[in-house]
Amino acid sequence: MQFKPYARSLAIAFSLALVAGCSSTGGTQDGSMDGGVAGSGASSSGVSGGQASGSGYGGTAGQQADGRIPQQRTIYFAFDSDVIRPEFESVLAANARFLRENGNASVVLQGHTDERGTREYNLALGERRANAVEQFLSVQGVSPSQVEVVSYGEERPAARGQNEEAYAQNRRVVFAY
Amino acid sequence: MKAMMTAWLTAALLLASQLAQANLTIEITRGNESATPIAVVPFAGGEGLPEDVAQVVHDDLERSGYFEPLPRRQMMDQPSESEQVRFGDWQALDTRYLVVGSAEREGDGYRLRYELLDVSGEQRMLGEVVTADAGGLRGAAHYISDQVFEAITDIRGAFSTRIAYVTSQGVGDDMQFALYVADADGHNSQQVLSSREPILSPSWSPDGGKLAYVSFETERPAIYVQELGSGKRARLTDFQGLNSAPAWSPDGRRLAMSLSKDGQPDIYVMDIASRNLQRLTRDSAIDTEPSWAPDGRSLVFTSDRSGGPQLYRHDLGSGEQKRLTFTGNYNARGRFSPDGESLFLIHRSDRGYQVARQDLDSGRLVTLSDSRWDESPSVAPNGTMVLFATQQGNSGVLGAVTADGRASFRLPSARGDVREPAWSPFLN
């Protein structure tokens, strides 16, 4: 019932581009596509699971049926920043909606940094990033009891190497359900 | 405090430690041009021994940056006691000091005899007999290095000390971490802990018998204290949020740490026996990486209260906090020199992150290392060297530089990344 790996990666890679074009499939995650996130609340009409899994690329990250954990669970940050970039607000909104609608679900927000700088200071920076996401979720109406923050600092890099490409992949917050 | 936190935990993760070796080997990367010439002659009778004692002494002295030992192939003669030494030969080679000796089996162990000679003064400075059991030859060699080093420099040798460090392999969710202790030259490594979750910030107790460290083995950071002899360990903190950067007080009774249980990371001092916490910082900034002054009266820590990370000093008597670093916009992870007169730290320049030393009186900062990715400086107990984590190719390795920056070396590992070095106190 889940995406095949290929379809899933496609969906993640193109989710933002697809959001605008797939409104005909009906029931898009409202608010997630245009950045008008805060306060968009619970007006979504919902997407059937069949649509999401049956239409291959049609199931974008923004479209989650109730009870389905959002596909896109990582957002990325600029160097030395804990500011949530506008292009990831839809990801946060989808996860916020899932948590709101599934009061029994809980998530660990894993904060990560790139490897530059000292390890213990980076642990604190990773926590600051995850806290920014927690704050965003809270504004979206997610109960604090569903969310926990754990910072890994630079200890669990997603990519290796001393270059900006690797660094950009490592500066992230992951929703671990 | 929860009962489970006070109880000693069984060291289930501590099995097969002798088998898991991760020895480091030394590569000298920068020699000291003003190093003192010395010759360590191969010990008579040492051919069949499991360790080449004279070579261990030679390597120790070279690694210190204070000495330039003569290569064996340049030795015209290999005397084993002072009566056999023709001083003129060594004077011709510009050798200032000479170490000669012999080794013989004695029961299950060995009997080593060595002498230190002043070549220009043509006299004996030291002469001693050292016994070692079968596994103790390297230790005996480090002891000889300590004596030779101190006799010539008037500085206590630190060759018989140990280092702790962390290794990692893999990426993302598929990683393996381990905590090791080894001799200061990277040999004789023993695994203390292994985990699929991160381990960091090892800190030696002042008596050298315990390590405090941070482990994520419960999938959250917590501070543990482990006895190295017995392997027994206890979880000291597992507060909500960060539990990080443990640093032992010089009297061994307290641990400074960074906790975010009350919001942003702040510096706390825990009395180990009572587990009582004293909070030292109270602000909306990051405060972490505490380190005690040798006299125990103050701590330095990293704070970004001014915008970027800088070092501050907290006076435990007055409660006053004062910014110490003003050169550049990134100064972090300060560690005191044993005399308390300077700080070793990580400084960001336009070339990257380097180990630097700041004189506390003048405020003058000098960069010591020369790569771009240096972290985690840790000072030898005699203050002559700083061990740190750096990069070689795509691997994390340990580097070391003399406190004056004149000489440096690396300790690459055969596999995986090595980082988070912590130099032990004197152990003898």
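Predicted model: local features only at pLDDT ≥ 70, side-chain atom pairs only at ≥ 80, totals over all residues.
Q: Is helix H2 of chain B, residues 53-63, buried or exposed?
A: 10 of the 11 residues of H2(B) are buried, so the helix is largely enclosed by the rest of the structure. Buried means 20 or more other C-beta atoms within 10 Å of the residue's own; exposed means 12 or fewer, partly exposed is in between, and C-beta atoms are placed from the backbone. Helices here are DSSP runs of H or I with at least four residues, strands are E runs of at least two, and both are numbered from the N terminus.

Q: Which residues of H2(B) are buried?
A: The buried set is Val53(B), Ala54(B), Val56(B), Val57(B), His58(B), Asp59(B), Asp60(B), Leu61(B), Glu62(B) and Arg63(B).

Q: What follows H2(B)?
A: Gly65(B) does, with a positive phi near 80 degrees.

Q: What is the mean pLDDT of chain B?
A: It is 92, and 95% of the residues of chain B reach 70 or more. pLDDT is the predictor's confidence in each residue, from 0 to 100.

Q: Where does pLDDT stay under 50 in chain B?
A: Over residues 1-20. The model has 24 contacts beyond four places in sequence for that stretch. A contact means C-beta atoms, placed from the backbone, within 7 Å.

Q: And what scores does the complex get?
A: The predictor gives an ipTM of 0.90 and a pTM of 0.85.

Q: How many residues are in contact between chains A and B?
A: 20 residues of chain A are in contact with 30 residues of chain B. Helix H4 (119-139) and strand S3 (147-153) of chain A each supply at least two residues of the chain A side. The largest share, six residues, comes from H4(A).

Q: What is the element order in chain A?
A: From the N terminus on, α-α-β-α-β-α-β-α-β. That makes five helices and four strands. Of the 177 residues of chain A, 46% count as buried. Among contacts in chain A between residues at least 6 apart in sequence, 70% join residues at least 24 apart.

Q: Back to chain B. Which domains is it divided into?
A: Domain 1 (3-21 + 162-423) and domain 2 (32-153). The bounds come from an automatic or database domain assignment. The C-alpha centres of the two domains lie 35 Å apart.

Q: How many residues are in contact across the two domains?
A: Nine residues of domain 1 are in contact with seven of domain 2. The domain 1 side divides into two nonpolar, four polar and three charged.

Q: Now strand S28 of chain B, residues 385-392. Buried or exposed?
A: Six of the eight residues of S28(B) are buried, so the strand is largely enclosed by the rest of the structure.

Q: What does S28(B) pair with?
A: Strand S27 (residues 375-379) of chain B pairs with S28(B) in the antiparallel sense over three bridges. Strand S29 (residues 395-402) of chain B also pairs antiparallel with S28(B), over eight bridges. Pairing requires at least two DSSP bridges between the strands.

Q: What about the turns?
A: S27(B) and S28(B) form a hairpin with five residues between them, and Gly383(B) in the turn has a positive phi of about 75 degrees. The hairpin of S28(B) and S29(B) has two residues between the strands, and Gly393(B) takes a positive phi near 60 degrees.

Q: Last one: Lys322(B). Buried or exposed?
A: Exposed, with 11 other C-beta atoms within 10 Å. Lys322(B) is in strand S22 (residues 321-323) of chain B. Leaving aside neighbours within four places in sequence, Lys322(B) is in contact with Tyr312(B) and Arg313(B).

Technical notes. Residues numbered from 1 in each chain as written. Chains lettered and ligands numbered in written order. Nonpolar A, V, L, I, M, F, W, Y, C, P; charged D, E, K, R; others polar.
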